Protein chains: 2
Amino acid sequence: MDTTLLKGLAVLEVLAARETPAGVSEIAGLLGIGKSNTHRLLQTLVAAGYVRRDADRRYACSLRLWEKGWDVARRYDVARVARAPMVALAQDTAETVNLSVLDGDEVVYLDKIDSPLPVRADTRIAGRAPAYCTATGKALLAHVEDPAALLARVTWERFTARTPRDAATVLSELSEVRRRGYALSRGEWRDGVAGVAAPILGAGGRSLAAVGVGGPAERMPPARLRRLAPMVVAAAAAITRAAGMGGPTLARSAP
Amino acid sequence: MDTTLLKGLAVLEVLAARETPAGVSEIAGLLGIGKSNTHRLLQTLVAAGYVRRDADRRYACSLRLWEKGWDVARRYDVARVARAPMVALAQDTAETVNLSVLDGDEVVYLDKIDSPLPVRADTRIAGRAPAYCTATGKALLAHVEDPAALLARVTWERFTARTPRDAATVLSELSEVRRRGYALSRGEWRDGVAGVAAPILGAGGRSLAAVGVGGPAERMPPARLRRLAPMVVAAAAAITRAAGMGGPTLARSAP
DNA sequence: GAATAATGTTCTGAATAGTGGAACAACTGC
DNA sequence: GCAGTTGTTCCACTATTCAGAACATTATTC
């Protein structure tokens, strides 16, 4: 494996994660690699435009990473058309609304609208979570080509007492999800957080994305989740319509 | 220089730019490097999580690039607080509004609101333009630490007949910008596109970002630009206030 | 359905390119 | 001015990457 490339990406990630610029020695120490090595990697990244150095000769990420990342996200065009239905859903429910897509066996949050209430479910845009124990994740998994194949590659972790522990459990839940049209999660990923989610289906019945509503478990007893479900399903349907889904894949033209 | 790292990034960029997944040979041909080389670079990128392969064993960018990029953009937090004043400005002017930050000697568009009119200035979010010949760019340049030093590193290109050709011209215009509080551009970057922009200043009087209004030159005679200027300046001031600027740098905490 | 083309993958030896360590330079704080 | 940082350069070694060809697998054509 190209270790140079891996190290270079590691340097980039360290810088991306940092709030403040970093020096050569600091990065070298963080990654456990030599100073001279780190120095040259940084110079290469500067030459490539991903990193720049400030006046104090310290290094920080340029916006190039974001620029390239945006090119990728642009194709996951659902986010744009989903915005309006999401706002409506947020107003109707007063809970946090989020939009996710599947990336491997994880969900990535493309967009969210925070609940106005002081106590709320906190998700981060561009954040990640395992698909098999979140509401949006399960909504997505239920409509992929081969859920079993995907789940076979999962490493099962116990995040809470309620986290599902094997593929069989999740698979049976997924058929339930397909039957009723929405997915639930009650404290399976983060303790005390519950949610409902519905898939946004494209041509061929494959899931492109999922919308979900989430909040503190105390505000989300089973009865409320059942009441929220149709609203989430309706929002997902609205997004599907607005997107004019019909393309063969998730990839759609630029805005 | 670490060529492996550069090649790896080049592969990543090719994939990020493509609408559809690509195969090994195709990428190899595009970059002019060997097949086996490309193959291993791709495997490394897959291992690092930046690329994944679809069912047809073709390669595409995962959302990891976007995720990391977002971590960077998150710190350029102006975008979030700027949204509301930008919407107001867009409604008042009916032209395209955009928000830019400086990245080296280029501007990067963080956000934009399209004009409702059929003929409009077209900028792309996460797009780039040279700073010295755009309105937002000049607004930003006027308030950096050392404009002359920055301009010294510029390679002067003639994009249109009106593109400034040397540092002296731009520097004198920048002092004008500082004096009156806003910057103008009339077809210096793209023919037939004109705009006004105002800087968003942080603690210490340094520019953090700039808001601009742009449109087709026919709709933007000097008189209209002068009338738009105070509105743009007001929007910039509103954003400055909303952001509660006071930190020492652009870096602000996460949303 | 066989033959052919095209693409993805693995292998190998050769050598280049990257590595770590130390030496040097430029600051910073005492 | 001196110790203690941190950034940068140099150099010899060897591990890593590279190209090309061989092999495997899939697509295409007849």
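Tutor: The discussion below concerns a predicted model, and it takes up salt bridges, the interface and helix packing in turn.

Student: Why is the pair Glu13(A) and Arg64(B) called a salt bridge?

Tutor: The N to O distance between these side chains is 2.9 Å. The rule requires a side-chain nitrogen of Lys or Arg within 4 Å of a carboxyl oxygen of Asp or Glu, so the pair qualifies.

Student: What makes the pair of Asp2(B) and Arg40(A) a link that joins two chains?

Tutor: The closest N and O atoms of Asp2(B) and Arg40(A) are 2.9 Å apart, and the cut-off is 4 Å, so the pair is a salt bridge. Asp2(B) belongs to the segment before α1 of chain B, whereas Arg40(A) belongs to helix α3 of chain A; therefore the pair joins two chains.

Student: How many salt bridges does the rule find across the interface of chain B and chain A, and how many over all chains?

Tutor: Eight are found across the interface, and the count over all chains is 30.

Student: What describes the packing of α3(A) and α1(B)?

Tutor: Helix α3 (residues 35-48) of chain A and helix α1 (residues 3-17) of chain B pack at about 40 degrees, and their axes are 9 Å apart. Their crossing is right-handed. The contact is made by Leu41(A), Thr44(A), Leu45(A) and Ala48(A) on one side and Leu5(B), Leu6(B) and Leu9(B) on the other.

Student: Which classes of residue make the contact of α4(A) with α1(B)?

Tutor: Helix α4 (residues 64-75) of chain A packs against α1(B) at about 35 degrees, with axes 8 Å apart. This contact has four nonpolar, no polar and five charged residues. Among the contributors are Arg64(A), Lys68(A) and Asp71(A) of α4(A), and Glu13(B) of α1(B); these count as charged because Asp, Glu, Lys and Arg form that class.

Conventions: Residues are numbered from 1 along each chain as its sequence is written. Chains are lettered from A and ligands numbered from 1 in the order in which they are written. This is a predicted model: local features need pLDDT of at least 70, side-chain atom pairs count only at pLDDT 80 or more; totals for chains, interfaces and linings use all residues. Side-chain values use heavy atoms; hydrogens and water are left out. Axes are lines fitted to C-alpha atoms, for helices over the stretch in contact, and angles run from 0 to 180 degrees between N-to-C directions. Helices (H or I, at least four residues) and strands (E, at least two) are DSSP runs, numbered from the N terminus. A crossing is left-handed if the near helix is turned anticlockwise from the far one by less than a right angle, and right-handed if clockwise. Contact means heavy atoms within 4.5 Å.
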